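This report describes selected features of the model shown below.

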Amino acid sequence: SQTISAITLNAGVNGTNNNFGDLRPATIGGFVYSDLDNDGVFDLTESGILGATITLTGTDDLGNAVNTGTLTAGDGSYGFTNLRPGTYVITETQPVGFLDGLDTIGTPGGTSANDVFSTITLVEGAAGADNNFGELALSSLSGFAYIDADNDGVFDGGETAQLGTTITLTGTDDLGNAVNASVMTLADGSYSFTTLRPGTYVITETQPAGLLDGQETAGTPSGTVNNTVATSQTISAITLNAGVVGTDNNFGDLRPASIGGFVYSDSDNDSVFD
């Protein structure tokens, strides 16, 4: 309640303009979502992220410090209501299982930094919206190294997997960072690179000792096969988007064949090396 007190009223006095001003509450909100095309826009085909932590801090018009948090709903939305005029900051805590994407500040505006919208000035009755945080679903690339007995470029049942073959991933992610990582194939011949950002990548097999180069096969999301170098085979120009699980980027190798015989003196002229 608000009061005007200690009013001394004398006889015959007409007291006027004892007024009470009130404010319509302000609100502010937005979404946290999986930005599949990494463009900073929450498209109709994209999904909100449930349970992301959003924190509102700042100072209201009465000089009171504000610090409150909320979790996003099933559609990725969040909102702070019943706010006084003031200057505010919205901060997102990076959701588990996602990589940092593009953030887009909405109304009433302010300053955008990574996972933070600051210097947001809310006036009486303002309804701030679309202060959105885009995140990237994890991507991966995987495949197999194997001995391709029939040399057809297909890892058939019954063909032998290669253990301990070195596979290297290089390229550049969407932030311009250089990527260079290596793994060794497991007992089933498999390899994988996980927790990848969108980017353009190259997968290279180091030719295993004792084997010859066979056929490489570009799987998903597609790429360009190049096995013209005897000691290094590549699947290149792989464009990886957010949330893509690339598979079956396979490297086939061959066991060396051999042939031989004898030159001999056939003393009995019977074509048999007796």
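## Gly-128

Gly-128 lies in strand β10, which covers residues 127-128. The model is predicted. Because buried means under 20% relative accessible area, Gly-128, at 8%, counts as buried.

Leaving aside residues up to four places away in sequence, Gly-128 touches Thr-27, Ile-28, Gly-29, Thr-107 and Pro-108. Thr-195 is 67 residues from Gly-128 along the chain, and the C-alpha atoms of the two are separated by 34 Å.

## The open sheet

An open sheet is formed by five strands in the order β4-β3-β6-β9-β8, with antiparallel pairing. At its edges stand β4 (65-71) and β8 (111-113); each has a single partner strand, so one side of each is left without a neighbour in the sheet. From one strand to the next, the twist averages 20°.

Five bridges join β6 and β9, which pair in the antiparallel sense. Tyr-88 has Ile-120 in β9 as its bridge partner.

## Nonpolar cores

The largest nonpolar core has 18 residues, of which Ile-28, Leu-56, Leu-83, Ile-90 and Leu-122 touch the most other members. At least two residues of this core come from each of β1 (26-34), β3 (53-60), β5 (77-83), β6 (86-92) and β9 (116-122). Another core, of 13 residues, lies apart from it; among its members are Leu-169, Phe-193, Tyr-201 and Ile-203.

With residues up to four places away in sequence not counted, Leu-122 touches Ala-26, Thr-27, Ile-28, Leu-83, Pro-85, Gly-86, Tyr-88 and Pro-108.

Key. Residues are numbered from 1 along each chain as its sequence is written. This is a predicted model: local features need pLDDT of at least 70, side-chain atom pairs count only at pLDDT 80 or more; totals for chains, interfaces and linings use all residues. Side-chain values use heavy atoms; hydrogens and water are left out. A nonpolar core is a set of buried Ala, Val, Leu, Ile, Met, Phe, Trp, Tyr and Cys residues joined through side-chain atoms within 4.5 Å. Buried means under 20% relative accessible area, exposed over 50%, partly exposed in between (1.4 Å probe, protein chains only). Helices (H or I, at least four residues) and strands (E, at least two) are DSSP runs, numbered from the N terminus. Contact means heavy atoms within 4.5 Å. Two strands pair if DSSP finds at least two bridges between them. Axes are lines fitted to C-alpha atoms, for helices over the stretch in contact, and angles run from 0 to 180 degrees between N-to-C directions.
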